[in-house]
Structures are given as structure tokens and as C-alpha cells.
Amino acid sequence: MSKLTNFSLALLLLMLLFCCKTFAAEYTVPRAAYSVYAEDLDLDGDRDIVVGHNYNPQTQWSGVSILENNGYGEFTLIDSIFLYGWQPDVQIKNLNLNENPEIIAKRENATEENEYIAIIKDFHLCDISYFSLNTYEGVANITTGDIDNDNDMDIIDACNGNQTWGVLYNDGTGQFSEPDYYSVAGVSPTDIECGNLNSDKREDILVSGLEVRIYYSYPTGFDCYIINEEPEMQVEIGDLDNDGDNDIVGISDIFDIIALTKYENIGDTAFYEHNQELYEIYAPYFTLSDLNNNNLPDVVCSGTYGVYVLYNEGDFQLSEPQYFPTNTSGICRPPFCVDVDGNGYNDIITIRGLYSTGILTILFNDGNGNFVEEPQVAIDPHSPPLSEVSLSPNPFTVSTNISFITKIPLKKEAKIKIYNAKGELVRKLDCHQNGFTENGKMIYTSEWDGKNRNNKRVSSGIYFSKIKLNKKEIVNRMLFMN
């Protein structure tokens, strides 16, 4: 009788899964998709997506692929590059002095028996630099952070095989040192994260595995603190209670149950471990992201058949998991959350398919607690979204107000750029919403005080303001008289 009951329940579950509405957009990517990241690779004002792939024995291929955002939250797979070896944590970061971000990936050389960090410097995957990791034991995790507090991104890796983690220090130009390695004997790292976990400005290292350790970064070196002697498979850093310091969340999976633990930062390198919470779901990979814009990071877990969101209710309390199904099942990996359609709310990107066809899934956040398959900013590509920009006064001697009207909201990172007559970038200005027109369009304003990025007054002459929104831009001329 129990066998029949279990079979009936399983059949009912399958029927429910097939009857569920699809809440996500899906894209086919090369096989063995393993990691995902999104950022504005081509500096056109929208976020593109990079996927890292493991080695696939059927295709004898592994590497990185790029999906370009058309400005409206729709993507096209445009290119890929072979990098032998698996890609556990592909990332996009600005590693040098120019504006262009770089792709961080991994490469293996079986002949040399060595692994490398691959820094891809251009959108078309042509300009690549390699930095040796001096190991062939299988670097399983990669992250970034400013470890030495010199305002550039260093690269941190963890190696499960030889139970170490290491730092490649950035010299500020995108060139990296040989890795400095530190032993974590007995831990066998399963995850590594980077963030400021005490009161100084230096970013620290968080390592999980059979226990959870923090390596605090000081000018004299690293000090190790064990905050949990129990295993955590994955950890994330975030300010859970919005009190100005970073807390920690850890997850372990036990069959079809996940165990979630919150570590509250109480100062002086001390953490309070809240009671572990168990959830009867199989969603072993997660990230932290504020999905409802309340300044509290939520827990976003990816599972075999969809995504679970545990909303942060404050005071270290989480909601019950809210389930959002996807159309395709498969082996899941950690999700990545960011606004890709420009509506001001973070969307969820997941990746599936370890050795089969890769499926990239986007759940678009409508801002009302729903995730849907269509981007939430509808734009007519044939009608310019910007009205003519007004400058007042122009010419000017002290400052000028730049205002314009648009029918769609600007992204948070949208800027007005000021150039001189030689075409050199002088200053970036924030845009602020400042009311609505009678027909509901948004008015944005900004002010330029005639100063450059170093807060120094520029010389008299002709300057240009450039505003770019979804690949459309308006350039206006202004005269500054110092």
C-alpha cells in the first residue's frame, strides 16, 4: 500500500510540474554550462551575459560564451572561445585603469600540468592574458576582491585537491603577481568568498568546507578564525540586517533537504550563529540579492525544476520558500541576480545542463513579487525614448542644469558624460528623477559645476554632454566660460 501511495504522489508531482505555467525566458547555450555572470561588457548601458562551460568529452570543448543584450532584456549568443578546463566561477570585473571590464575565466594546460587564470580583455574574445596558478590539483572556486586595500581587484582561488587558497595581487594595471597560497588542511574548500567582515576597509576571505573559516586581512598578513566547526557547502556574504556590516549565510544539502544557517556579525571579529533552518526542497546552490528593493538581501536558491526565493523579512527572519518553476529541468548551478531589462528590479539568471545542452534561464522580476518570461521594460526601437535635452544656462560661468524627458525609467547606473572638444571624457554625472510631465513621462535632471573628475575647474571652452539610453544617445554642445 505504501508503494502505491508513493507512486501516486510521484505521479501527482510530475503532473503538477508539467501543468505549471512557464515563468522564465530560456536560451540554448553550448554544452556543460557551469557558471554565469552578467555585466555591461560593451559599455552600451545594458548588461550582457557570460557563461562558463566545463570540458565536455562528447564535443571535446570547454570555455566561455557571450550573450549580448539588445538593450531590452533580450539576448543573442554571439561568440564563444575554447579554454581547456572547467569554468567554476566565470566573472566580469574591471581590473585595470580603463573603463572596459574584463572576463575572468580559467584555463588548463595538460602538457605543462598547470592551471591558469585567463583574463579576456575585449568583447570579441581576442585579447587574452594568462596568469599561472602554479598547481594542477583542480582549482574549484574563483572570486575577486580588494585584499590589500589599494583600490583594485585581486583574484582569489581555492583548490580542493591540495586544500589551499591563494591570492594573485593586482598591480593596478591588470597584471597579477604569482599566487600566495595558504593551507586549509582538513577543510577541503567547497566555496570561497571575499568581503569586508570587520571594521577596517580591507576585504577578508571566507572559506567553507568541513568547517567555516574567516581569514581576516591585515597589513601584516592573515589571521584565521573558525566560526563553525560543522560543514557548509556554500557560503555568501551580505548585510542581512542592513546595519552597515556584513553577515554570512551558509547552506548544506542533505538528500532532499537544505540546511540554512545565518551568522550575524556582532563586531570585534565575532559572529552569532542563529538556529539552523531546514527546508524540504532540493535547491543546493544559492545567492543573496535584494529582489524587492527593501535594502535587505533575499536568499535565492536554484533547484532542479526551478527557483526558490526566501524573502528577507528583517531581524534575520526569512519567509517560507516561494517557488517559481522553469520549463526545463536539469543539474543546476548557483544563480546570478542583476537587473537585465532595466526596470529597476533584479532579475534571476540560472544555468542548467552539466553535460547535456546548456539552458540559460532568466526570470524577469516585475517588481510586484512575480517572475515572468518577458522583459518588463517595453521599448519601441523605432521611437527615440529621449526628448531634446535642455541646458540652462548655456553659456554658463558657474554651473548648468541638464534636463531631459523620457518615457522609460533610467537604470540606476545611467550617467551623463561630459567630453571636451578633443573627445576626452571629463566627468560623469548622476541622473536624478525630478517629477513627471502631464502625460506621465519622467523628467530627469543633473548639474555640472564645470569641474572634472579630480574636482578641479576646467578651462573655458566648448564641451559636450552625452546621454545614452538603450543604445540611443543625444549629444548637446555647451559653452563654459571660466
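A residue is called buried when its relative accessible area is under 20%, exposed when that value is over 50%, and partly exposed in between. In this predicted model, glutamate 99 has a relative accessible area of 35%, and therefore counts as partly exposed. Its partner is lysine 428, and the two side chains meet in a salt bridge with a nitrogen-to-oxygen distance of 2.9 Å. This pair joins distant parts of the chain, since glutamate 99 lies in the loop between β6 (91–93) and β7 (102–109), while lysine 428 belongs to strand β36 (residues 425–430), 329 residues apart. Lysine 428, at 40% relative accessibility, is likewise partly exposed.

Side chains of opposite charge can pair when their charged atoms come close. A salt bridge is counted here when a side-chain nitrogen of Lys or Arg is within 4 Å of a carboxyl oxygen of Asp or Glu, and by this rule the model has eight salt bridges.

Another of these pairs is formed by glutamate 39 and arginine 47, whose closest N and O atoms are 3.8 Å apart, and because that distance is within 4 Å, the pair is counted. The two partners fall into separate classes of accessibility: glutamate 39 is partly exposed, with a relative accessible area of 29%, whereas arginine 47, with a value of 15%, is buried.

A further salt bridge brings together the side chains of glutamate 108 and lysine 106, with 3.5 Å from N to O. Both glutamate 108 and lysine 106 are buried, and these two residues also belong to a network of salt bridges that links Lys106, Glu108 and Glu115.

Definitions and conventions
Residues are numbered from 1 along each chain as its sequence is written. This is a predicted model: local features need pLDDT of at least 70, side-chain atom pairs count only at pLDDT 80 or more; totals for chains, interfaces and linings use all residues. Side-chain values use heavy atoms; hydrogens and water are left out. Buried means under 20% relative accessible area, exposed over 50%, partly exposed in between (1.4 Å probe, protein chains only). Helices (H or I, at least four residues) and strands (E, at least two) are DSSP runs, numbered from the N terminus.
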